[in-house]
Protein chains: 2
Amino acid sequence: MFTLLGTDASSRARLGRLTTARGVIDTPAFMPVGTQASVKALDPRELLEMGTQILLGNTYHLSIRPGMDVIRAAGGLHAFMNWKGPILTDSGGFQVFSLAKIRKIHPHGVEFRSHLDGSLFFLGPKEAMEIQSALGSDIAMVFDDCPPHPSTPGDLRSSLDRTVTWARECRAQPRAASQAVFGIVQGGNQPDLRESCAKALVAMDFDGYAIGGVSVGEPEAQMMAAVECTEPFLPMDKPRYAMGLGTPAQMVELVARGVDMFDCVLPTRVARNGTAFTAKGTVSIKAGFNKMDWLPIEEGCECYACLHFSRAYLRHLLNVGEILGLRMLSVHNSHMYLRVMAQIRAHLKAGTFAEFRRMYAATYIPTKRVLEMRASS
Amino acid sequence: MFTLLGTDASSRARLGRLTTARGVIDTPAFMPVGTQASVKALDPRELLEMGTQILLGNTYHLSIRPGMDVIRAAGGLHAFMNWKGPILTDSGGFQVFSLAKIRKIHPHGVEFRSHLDGSLFFLGPKEAMEIQSALGSDIAMVFDDCPPHPSTPGDLRSSLDRTVTWARECRAQPRAASQAVFGIVQGGNQPDLRESCAKALVAMDFDGYAIGGVSVGEPEAQMMAAVECTEPFLPMDKPRYAMGLGTPAQMVELVARGVDMFDCVLPTRVARNGTAFTAKGTVSIKAGFNKMDWLPIEEGCECYACLHFSRAYLRHLLNVGEILGLRMLSVHNSHMYLRVMAQIRAHLKAGTFAEFRRMYAATYIPTKRVLEMRASS
């Protein structure tokens, strides 16, 4: 399924190719997030035009609305949302532990109430795998216990035990045809827990490994440390996926730490806020200084928004609440995330990744407000 | 500018062609409404794909936001919004008399406060034509006094005098290069006032004539009567435009009464409400009965939404508040309005309009709620 095409001499970065029944994914890869069977504000044509090779869907959200009866009747998530390429589905673990309002943890899953109407649900390894099988995703994630930040060492330990037990139960469940399953490494900020979790999961032989328990509100240094102390225990011949991360600059740094796959709500979330990502950081398109700016969001960018509209026009649309404004910012931001990955792959191929990484760290200025918007979905 | 290509034997319907510097408009024509320099939720590509030949823009809205300094600096409305085809701009008369909060009518215009922040504006014949010249629209409308429904005969009379005086003042103003100007016939529900207004305007020799003071909350019969008592006094060799109308069935009936051009906010407005137009009337896509409906909004429809998505999927998107849902309903509804016009033109060409009109009246079931949503923008 995964082919390692090359490694970087200056870092732990890898160039690879992930092959699924529905298509090939070049890694490092960014996966636009379609939580509720739609990447916010975008249509499938726009996603294809910007080079999307794989989308994300979500067990928790989709099983609440529209409900699995609807998606089963549609013949799975691909048919339901008319996306013919690969889909990775999250297991719902993250949402159960972050979004759901009331819950009781049982040995084989979690009882919780929907954050929408309080209706009662039960999700465990068996249910999460059954749902993902019905969704028909190309890559399913194990159902994990994702502890909040910060957690006590004792809480982290018992959460970790559940994560490992549940991963084993997920591994034993039936899957959809040609569905891959990834394990999720937890362990918070404790290197020994991260190591033991990674080793336990690797022993179960998953198709890939995710680093979870990041993007939960922890500082950036701690997020990087969690990846650094996990990655050495993951096999070279399987893809690694950092869940819910990050800003463009963070993704470059995470690639340098051996990560192959990313998903993040930031591109579409900050778009709805009137903010655009550029190679130099974020910029408010809504701001007054764009009133008469006839340049595109980012010069040289080849996204649909930059090819057709000025900052001044987009600022106007955002200011008067026209949907086209946030549509176009969502196009630009998602395109920008995919472009960063394409640039990373080109530099890995050319052997110039070290230089690219240095340049990116020097020129991309992160915004505190944007960093704070990363957590939770 | 206008070529009358044929007339219908069974009614006053006409087949025509309107030629502007930026492109040809086949009539009868529907003009999607881009009040604030954007047709709500749609992008220019989608508008072209569905066969849009002319868009509407609005003097009142655009002069408040983004303001004429911005649009002048952009080089006009076409460049600002990146729409290369023809644009018709309304003069702002309708909005000043319906939206603006406080106003004082002077001999040469109206002093009013913006409905948004209360800032003071003055709009009269001179200002409206100056603004439309700067917008650079292909067709400008005269600045009229649009009385509310109902109005007393006395009010209608004095309003009409202003409308005629202001039309004369507009006619004398300088225009943008190759800009056409249409007069607007007012007169409420008084046939004698409609007749005298039409005759006065025709004597001024405009490039086209609009029937105004409709779509102001009057019952359908009265709207039809207003058109019937105006149309006989309009020249055959100039286009006639019924402002702010209507439902698909109403447009068919108005074509039969000699109208060539339409604009209406309904297609995108009801879309945002989760409602779709079909040849048989409106249908709520949000409704529970679509939960497992795998057919498109309308079978046989060739719009992007119907070619790609099921009612069940669109219902889900609308229910969870995903923007793609209202985007796709806006695509379908606008496409449907343009398709009705294409059908009308084909039947006029084939000499089968009478049959089409009978069929439409028999099968299109209007919705009271939708009729009520027509008025004002």
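Predicted model: local features only at pLDDT ≥ 70, side-chain atom pairs only at ≥ 80, totals over all residues.
**Notebook: salt bridges, the A/B interface and a buried aspartate**

Residues are numbered from 1 along each chain as its sequence is written, chains are lettered from A and ligands numbered from 1 in the order in which they are written, and side-chain values use heavy atoms, with hydrogens and water left out.

**Bridges within a chain**

I looked up A:R162 and found its side chain in a salt bridge with that of A:D145 (2.7 Å, N to O). A:R162 sits in helix α7 (residues 153-172) of chain A and A:D145 in the loop between β10 (139-141) and α7, so the pair ties together parts that are 17 residues apart in sequence. For helices (H or I, at least four residues) and strands (E, at least two) I use DSSP runs, numbered from the N terminus. A:D145 is buried at 2% relative accessible area, while A:R162 is partly exposed at 24%. My cut-offs: buried is under 20% relative accessible area, exposed is over 50%, and partly exposed is in between (1.4 Å probe, protein chains only).

Next I checked A:R257, which bridges to A:E228 (2.6 Å, N to O). Here a loop between α10 (248-256) and β14 (261-263) of chain A holds A:R257 and helix α9 (residues 220-228) holds A:E228, so parts 29 residues apart in sequence are tied together. A:R257 is buried, at 18%, and A:E228 is partly exposed, at 42%.

**Between the chains**

I then turned to the interface, where 39 residues of chain B are in contact (heavy atoms within 4.5 Å) with 39 residues of chain A. The two chains bury about 3,500 Å² between them, 55% of it on carbon and sulfur atoms; that area is the accessible area (1.4 Å probe) that two parts lose on being put together, summed over both.

Ten salt bridges cross this interface. I noted B:E49 with A:R45 as a salt bridge (2.5 Å, N to O). I also found a network of salt bridges linking A:D43, A:E46, A:R327, B:D43, B:E46 and B:R327.

I followed helix α13 (residues 311-319) of chain A too: eight of its nine residues are buried, so it is largely enclosed by the rest of the structure. Its buried residues pack against β16 (281-284) and α14 (323-350) of chain A, together with α2 (59-64) and α4 of chain B. After α13(A) comes A:G321, with a positive phi near 75°.

B:D90 is in strand β6 (residues 87-90) of chain B. Leaving aside neighbours within four places in sequence, I listed the contacts of B:D90 as B:G57, B:N58, B:T59, B:Q95, B:Q132, B:M141 and B:M243.

Conventions. Salt bridge = Lys/Arg side-chain N within 4 Å of Asp/Glu carboxyl O.
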